[in-house]
Amino acid sequence: MELSDTHKEEWPRIEPYEKFRGAGVYADLLLDVTFKKAFNPDSPNKACLIELLNAVLDGELESPVTDVHSRDKEVRSGSNENRTSIFDIYCVDQKRRRFVVEVQIARQSNILKRAAFYTSQAIAAQGTRGRGFDYDFDPVLTVVLMDFRAFDDDSYIRHVKPHDSCGTKLPLLFHYTFVELPKFRKTLGELASPLDRGLFALKNIQKLSEMPGLYAGTPFELLFSESKLSRLTKEEQKMIDREQMRKWDEYAIRSYAIKSGREEGRAEGLAEGRKEASYEIAKAFLAKGIPLDVVSSATGLSVEELRKQA
């Protein structure tokens, strides 16, 4: 399928697959499979997760996080098949107090309502049947890491929590932290804190060819060893390729829809844009020798349609 000249002018430039994947040494940490591997709360890598949580929640907790473990081992809430948390974990602070943290990587609208919805689920899941529950639930903190801009300002990290207009200090019940990585623009030479190092790695690790020296001896050093593409299994690499292609596909579709003025309320035009976007992306992947079944899964095009493009 060929695009018209008009559509070609509107089409956002598609980067080569190698450039999209980065330097080819480290995997993108903002993919489900690599984030879960690098920050696994039930492995020695929990040190990375503890360092990240203490960095993004600095000043928001009375005492720092000292331990984390997967909450899924103890609690499974009602609509797990619809949950999109990367981790649903119990944290223990320095004073041995326990609270729940959800870590999400999200790209969609209604981000505040979405976070509130999952926080409510995490609170409700702590209720027990019968007369024994007195609403003494563990506090729930939600950390949302985003590789897109969601708020109209230049703040790359924001904290949202209940506010008492009379100045009374409220107990910690729920709390939201939103991190917008595109707004974090510090260079390697400007990194001065664990937060800086954590956000820089999340945003840029796939572009690096080696670990910067300032990460040596820190918990984040584990991120570089765990995300090395050469250490991943073939199945993990295949999963990463699929996630990256899906991410690229979504970006191209959204860019095309915006540029063609069809994103709002013009379903027919948007559907056409998606189809054309999928064809262009499929062509790029097929030219790189990506298997038909992988391209089909990422673009939604049938194998028969793809064979016509090969």
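User: How many aromatic pairs does the structure hold?

Analyst: The structure holds 8 aromatic pairs. Keep in mind that this is a predicted model.

User: What makes phenylalanine 117 and tyrosine 118 a pair, and why is the pair called edge-to-face?

Analyst: Start with the distance: the ring centres of phenylalanine 117 and tyrosine 118 are 5.3 Å apart, and rings pair if their centres lie within 6.5 Å. Then the angle: the planes of these two rings stand at 80 degrees, and planes over 60 degrees apart count as edge-to-face. So edge-to-face is the label for this pair.

User: Are those two residues buried or exposed, and how do you know?

Analyst: Tyrosine 118 has a relative accessible area of 8%. Buried means under 20%, so tyrosine 118 is buried.

User: Why is the pair of tyrosine 176 and phenylalanine 178 called stacked?

Analyst: Here the centres are 6.3 Å apart, and the pairing cut-off is 6.5 Å. The planes of tyrosine 176 and phenylalanine 178 are at 20 degrees, and planes under 30 degrees apart count as stacked. Hence the pair is stacked.

User: Why do tyrosine 176 and phenylalanine 178 count as buried?

Analyst: The cut-off is under 20% relative accessible area. Tyrosine 176 has 11% and phenylalanine 178 has 1%, so both count as buried.

User: Which residues do ring pairs link into a cluster?

Analyst: Phe151, Phe174, Tyr176 and Phe178 are linked that way.

User: What lines the second largest pocket, and how much space lies in it?

Analyst: About 610 Å³ of space lies in the second largest pocket. Its lining has 23 residues, and the closest to the pocket's centre are Glu60, Glu62, Leu170, Pro171 and Leu172. Strand S3 (98-105) and strand S6 (174-180) each give at least two residues to the lining. By type, the lining divides into 9 nonpolar, 6 polar and 8 charged residues.

User: And the whole protein: how many helices and strands are there, and what share of residues counts as buried?

Analyst: There are 11 helices and 6 strands. Of the 310 residues, 46% count as buried. The protein exposes about 16400 Å², and carbon and sulfur atoms supply 49% of that.

Note on methods:
Residues are numbered from 1 along each chain as its sequence is written. This is a predicted model: local features need pLDDT of at least 70, side-chain atom pairs count only at pLDDT 80 or more; totals for chains, interfaces and linings use all residues. Side-chain values use heavy atoms; hydrogens and water are left out. On a 1 Å grid over the protein atoms alone, a cavity is a set of points where a 1.4 Å probe fits but cannot get out, and a pocket is an open set with protein on both sides within 12 Å along at least five of seven lines; lining residues have an atom within 4 Å of a point. Grid points are joined across faces, edges and corners, and a volume is the space filled by probe spheres set on the points. Helices (H or I, at least four residues) and strands (E, at least two) are DSSP runs, numbered from the N terminus. Ala, Val, Leu, Ile, Met, Phe, Trp, Tyr, Cys and Pro count as nonpolar, Asp, Glu, Lys and Arg as charged, and the others, Gly among them, as polar. Buried means under 20% relative accessible area, exposed over 50%, partly exposed in between (1.4 Å probe, protein chains only). Accessible areas come from the Shrake-Rupley method with a 1.4 Å probe; for residues, only the protein chains shown count as cover. Rings of Phe, Tyr and Trp (its six-membered ring) pair if their centres lie within 6.5 Å; planes under 30 degrees apart count as stacked, over 60 as edge-to-face and the rest as tilted.
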